[in-house]
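Here are a few friendly notes to read with the model open beside you. Take them one at a time, and look for each place as you go.

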Amino acid sequence: MLGFYFHLKKTTKRILYGSLLFTVAMTLTASRAPTALEEVRNRGELRVVTLMGSTTYFKNAKGQGGFEYWLSKAFAKHLGVELKVSTRDSVAGVLVSIGGPLGDFAAAGLTATPERKKRFRFSYPYYEVSQKVIYRNGNKRPRKVEDLVGGELLVIPKSSHSERLQELKKDYPELHWQEMDGLEMLDLMSMVDSGETDYAVVDSNSYQVDRGIYPQARAAFNLSEPQPIAWAFPKHGDQTLIDAANAFLKEFEASGELAKLKAKVLSQTNQFTQGGSQLFISRVKTRLPKYREMFQEIATRYGLDWQLLAAIAYQESHWNHKATSPTGVRGLMMLTRPTAKEMGINNRLDPIQSIDGGTRYFLETRSRIPSDITEPDRTWLALAAYNVGMGHLEDARVLTDRAGKNPDLWEDVREFLPLLQQKKYYSTVKHGYARGHEPVAYVKNIRHYQSVLGWHSLEEQRRQERNQRLDIPNASDWHEGSMLSL
């Protein structure tokens, strides 16, 4: 009995001791500060700070967009949390917000420069850009740094461009530039295009995206070698969130999704001629105002983007409601006589009738695209069919499927449409020969026009806001040859 008593006492002690250890462990766990990654997951929200811009973040009638937005949103989805975006008015504003209540990190097209690495940790680079000097078409093109001396050169304060110029000033002491708060690279493109400044420095990706909006702003030469673009994280705290970001970015790249996202942002302006862009912008100012309200009214009626309808009309007639082709198609939307009759249009030269008829014909074409094809591919395929005919589009989709590609994706189908011009391909499908390169160019141009119209509308709004915010030129706002330390 005594032995049993001592055994019970010993067992009780062990239980109490175990309970004590468990309590201490739980207390220590509860008192431990959560890691950066745990904090994001606990709150269910990933906070990113960025800049407004065509390659970073923007809002329009369709919602939120921009390369950095889409990439950050994919990261948030990967973590299983929501994305919260905050914008700052300047690079400096973005940098001081990193690690604060607005931003767990910055996704703002930031170059990972040696100077910035002293203050921040950077993720795995997902992009490379070069710094481009731009000048106004018609003026003498600068070809080297010395040619900038004596001209008015504008850069964004606290930018990698400013750092680069400060480095170059050691070898070119006569080099001077001006820094102005509150500007973005789109503003610099605009100011060079309008002649408000002689030169500016912008990133190569911004130039590629926005050159269609400002065709007078031309590339002169590269001021730097390609530099890495990455997300910026605070120096303080642990590595858990940046490690998660690096793992995501590498996986996103390996899967091909990063390349698709880059194509989504940049492909609409690739290989588009400066002359074509210049003519388009000119007609946006001179011709579009006559029809803009018509496009908006009819787009609202049918639940479409008015800029898509305007882009189709420009591709068809260059916004000339009296246009007539040698084959007899007429009007703003260049309707054939049979199509006009089918749509109940009795006057193809009447702008309202033409837009309405062309819109309904496009919608009818889109309704014939297989229902399981989602946007935006549904619209791109419908535009191709609008141009080349549904039968030829289906033939191209058959060829796409035979090659093991996805017949529901425009990016795949567009590779096979031109093959309908070759007998060894068109002889194997139902509808025979087609000038398959034409719908590919047709869709590419419309996407470009729609994109430029969207940015032109945003720029109109931004220009008004900028003019209210800034007095240009105002000498008190300029900093000559300055480099504000990071």
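By class, how many nonpolar, polar and charged residues does the lining of the second largest cavity have? Keep that in mind for point 3, and remember throughout that this is a predicted model.

1. Let's begin with the empty spaces inside. Rolling a probe the size of a water molecule over the atoms shows where empty space is left. In this model the count is 5 cavities of 30 Å³ or more.

2. The largest cavity has a volume of about 310 Å³. It is lined by 27 residues, and Leu51, Ala108, Gly109, Met185 and Asp203 are the closest to its centre. Helices H6 (160–169), H7 (185–194) and H8 (204–210) each give at least two residues to this lining, with H8 providing the largest share, 3 residues. Sorted by class, the lining of the largest cavity holds 11 nonpolar, 12 polar and 4 charged residues.

3. Now for the opening question. The lining of the second largest cavity has 6 nonpolar, 3 polar and 1 charged residues. The space in this second cavity is about 70 Å³. Of its 10 lining residues, Thr55, Phe67, Glu68, Tyr127 and Asn205 lie nearest the centre. Helix H3 (67–79) and helix H10 (257–266) each supply at least two residues of the lining.

4. Thr55 deserves a stop of its own. You will find Thr55 in the loop between strand E1 (45–51) and strand E2 (58–60). Is Thr55 buried or exposed? Its relative accessible area is 11%, and because the cut-off for buried is under 20%, Thr55 counts as buried. Leaving aside residues up to four places away in sequence, Thr55 touches Phe67, Glu68, Asn205, Ser206 and Val209.

5. Finally, please look at helix H17 (residues 390–402). H17 has 13 residues and reaches 18 Å from its first C-alpha to its last, close to the 18 Å expected at 1.5 Å a residue. Its buried residues are Met390, Gly391, His392, Leu393, Asp395, Ala396, Arg397, Leu399 and Thr400. Among the elements that cover them are helices H15 (351–367), H16 (377–388), H18 (410–416) and H19 (423–426). Just after H17, Gly404 takes a positive phi of about 85 degrees.

Conventions: Residues numbered from 1 in each chain as written. Predicted model: local features only at pLDDT ≥ 70, side-chain atom pairs only at ≥ 80, totals over all residues. Heavy atoms only, no water. Helix = DSSP H or I, 4+ residues; strand = E, 2+ residues; numbered from the N terminus. Expected span 1.5 Å × (residues − 1). Buried < 20%, exposed > 50% of the residue type's maximum accessible area, 1.4 Å probe, protein only. Contact = heavy atoms within 4.5 Å. 1 Å grid on protein atoms, 1.4 Å probe; cavity = no way out; pocket = protein on both sides within 12 Å on 5 of 7 lines; lining within 4 Å. Points joined across faces, edges and corners; volume = space filled by probe spheres on them. Nonpolar A, V, L, I, M, F, W, Y, C, P; charged D, E, K, R; others polar.
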